[in-house]
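Open the model in your viewer and keep the selection panel at hand. The stops below say what to select next and what is there.

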Amino acid sequence: MNTYDNDDRRDDDASFGEQAGRFSRKLSDSAQQVWLAGLGALGRAQAEGNRFFDGLVKEGEAWEARRRERSGEQGPGWRDNVEQSLDEAREKASGTWTKVEKAFDDQVQGVLKRMHVPTAQDVAALEARLDALHARLAKLENRAASGTDAPAPGSHQGPGAA
């Protein structure tokens, strides 16, 4: 007798399909239960969140009042510290953001350069050269239309050169 003859794990294709279907249904049911549990938690947090938050604020106020009584502090000096810390954090974040922007710009410029994409300066120089060529061409066309064969001074062309 073969060792696999009584093995329940070995099934034919039809039972394998059935097992896959059962597994798929179980997985789908489990995913749905997780989704519903998440929705329930969200609903509860929304319903009880405001009350819970208000309770935390009251506890914080009571704790702050007790701390002030012990230290003899007159008013909320902690706000100045918080505002100063926030200002420092904003400055650091701004500086960091500027560095990130510069690094990104440098990376993009490097990629464009490797791809031989012309810069705005390259395009402007090319436009200037095109304008100069158009002007020279217009002069040559005007001269040809007037029938003058003599080259313009400084054109480096001999008489009769086309």
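The tour goes from the whole chain to single residues.

**Whole chain.** Select everything and colour by pLDDT, since this is a predicted model. The mean pLDDT of the chain is 76, and 75% of the residues reach 70 or more. Confidence is lowest in helix 1 (residues 13-71), with a mean of 76, and highest in helix 3 (residues 120-146), with 93. Switch to a cartoon view: the chain has three helices and zero strands, in the order α-α-α from the N terminus.

**Surface.** Now show the accessible surface. For the chain this comes to about 14,800 Å², and 57% of that area belongs to carbon and sulfur atoms. Of the 162 residues, 2% count as buried.

Select Lys102 and Asp106 and show their side chains. What joins them? The two side chains meet in a salt bridge, with an N to O distance of 3.1 Å. The structure holds one salt bridge. Side chains of opposite charge can pair when their charged atoms come close. Because Lys102 and Asp106 are four residues apart in helix 2, about one helical turn separates them. An α-helix has 3.6 residues a turn, so residues three or four places apart point the same way. Lys102 counts as exposed because its relative accessibility is 51%, whereas Asp106, at 42%, counts as partly exposed.

**The nonpolar patch.** Select Phe104, Val108, Val111, Leu112, Met115 and Val117. These residues form a nonpolar patch on the surface, and together they have about 500 Å² of accessible area. Pick out Val108, which lies in helix 2 (residues 78-114). Is Val108 exposed or partly exposed? With a relative accessibility of 32%, Val108 counts as partly exposed.

Move on to His116, in the loop between helix 2 and helix 3. Read off its backbone torsions: phi of His116 is near 60°, a positive value in a residue other than glycine. Most residues other than glycine have a negative phi. His116 counts as exposed, because its relative accessibility is 70%.

**Helix 3 and its end.** How far apart are they? The distance is 39 Å, which agrees with the 39 Å that the 27 residues of helix 3 should span at 1.5 Å a residue.

Notes:
Residues numbered from 1 in each chain as written. Predicted model: local features only at pLDDT ≥ 70, side-chain atom pairs only at ≥ 80, totals over all residues. Heavy atoms only, no water. Patch = residues over 30% accessible without salt bridge, like charges linked within 9 Å, V, L, I, M, F, W, Y side chains within 5 Å. Areas by Shrake-Rupley, 256 points an atom, 1.4 Å probe, with all protein chains shown as cover. Salt bridge = Lys/Arg side-chain N within 4 Å of Asp/Glu carboxyl O. Helix = DSSP H or I, 4+ residues; strand = E, 2+ residues; numbered from the N terminus. Buried < 20%, exposed > 50% of the residue type's maximum accessible area, 1.4 Å probe, protein only. pLDDT = per-residue confidence, 0-100. Expected span 1.5 Å × (residues − 1).
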